[in-house]
Amino acid sequence: MSFLYESRTYSSEKNVLIRCVRIFGRWSVRVAGIDQTSPYVSAIWKRALRRVSKNSSIKKVLILGLGAGGNIKLIHRKFSGAKNTAIEWDPIMVDIAKNLKFFKQDKSPFLIIDDALKA
């Protein structure tokens, strides 16, 4: 029944409480009531990525805030030849991304765990 509904919570020193809910096989990750990864956030990313020209020759993508990595697949699909780097300040979010398998290991961005202003 976990495909229909499953809930997990993670404690984080930086984000305090992170709630992950899977409904009908799709995970949502929320911090303080704000979606970090969800079908809604994916729709926003899809719409934004459609605006980027197919002829663009993007070689590098910098993601500020991994947000559990739910949209890494979309970015990799759009810019398959690009080198992806993600900066995430909360190591628990990186663990969640790995635990929930939002992206395959071979498609994982280069991860930097640090404050974006410092990195």
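This is a predicted model: local features need pLDDT of at least 70, side-chain atom pairs count only at pLDDT 80 or more; totals for chains, interfaces and linings use all residues.

Biologist: Which residues gather in the patch of positive charge?

Modeller: The patch is made up of Arg26, Lys46, Arg47, Arg50, Arg51, Lys73, Arg77, Lys104 and Lys107.

Biologist: Take Arg50, then. Is Arg50 buried or exposed?

Modeller: A residue counts as exposed when its relative accessible area is over 50%. Arg50, found in helix α1, has a value of 64%, so Arg50 is exposed.

Biologist: And the interior? Which residues of the largest nonpolar core touch the most other members?

Modeller: That core has 24 residues, and those that touch the most other members are Ile18, Cys20, Val29, Met93, Ile96, Leu100 and Phe102. Two or more residues come from each of β2 (16-23), β3 (26-31), β5 (60-64), α2 and α3 (91-100). The largest share is that of α3, with 5 residues.

Biologist: Where is the place of Ser38?

Modeller: Ser38 lies in the loop between β4 (34-37) and α1. Buried means under 20% relative accessible area. Ser38 is at 3%, and therefore counts as buried.

Biologist: How many residues apart in sequence are Ser38 and Trp27, and what is the distance in space?

Modeller: They are 11 residues apart in sequence, and 6.3 Å separates Ser38 from Trp27 in space, C-alpha to C-alpha.

Conventions
Residues are numbered from 1 along each chain as its sequence is written. Side-chain values use heavy atoms; hydrogens and water are left out. Patches are made of residues with over 30% relative accessible area and no salt bridge: like charges are joined within 9 Å, nonpolar side chains (Val, Leu, Ile, Met, Phe, Trp, Tyr) within 5 Å. Accessible areas come from the Shrake-Rupley method with a 1.4 Å probe; for residues, only the protein chains shown count as cover. A salt bridge is a side-chain nitrogen of Lys or Arg within 4 Å of a carboxyl oxygen of Asp or Glu. Lys and Arg count as positive and Asp and Glu as negative; His and the chain ends are not counted. The place of a charge is taken as NZ of Lys, CZ of Arg, CG of Asp or CD of Glu. Helices (H or I, at least four residues) and strands (E, at least two) are DSSP runs, numbered from the N terminus. Buried means under 20% relative accessible area, exposed over 50%, partly exposed in between (1.4 Å probe, protein chains only). A nonpolar core is a set of buried Ala, Val, Leu, Ile, Met, Phe, Trp, Tyr and Cys residues joined through side-chain atoms within 4.5 Å.
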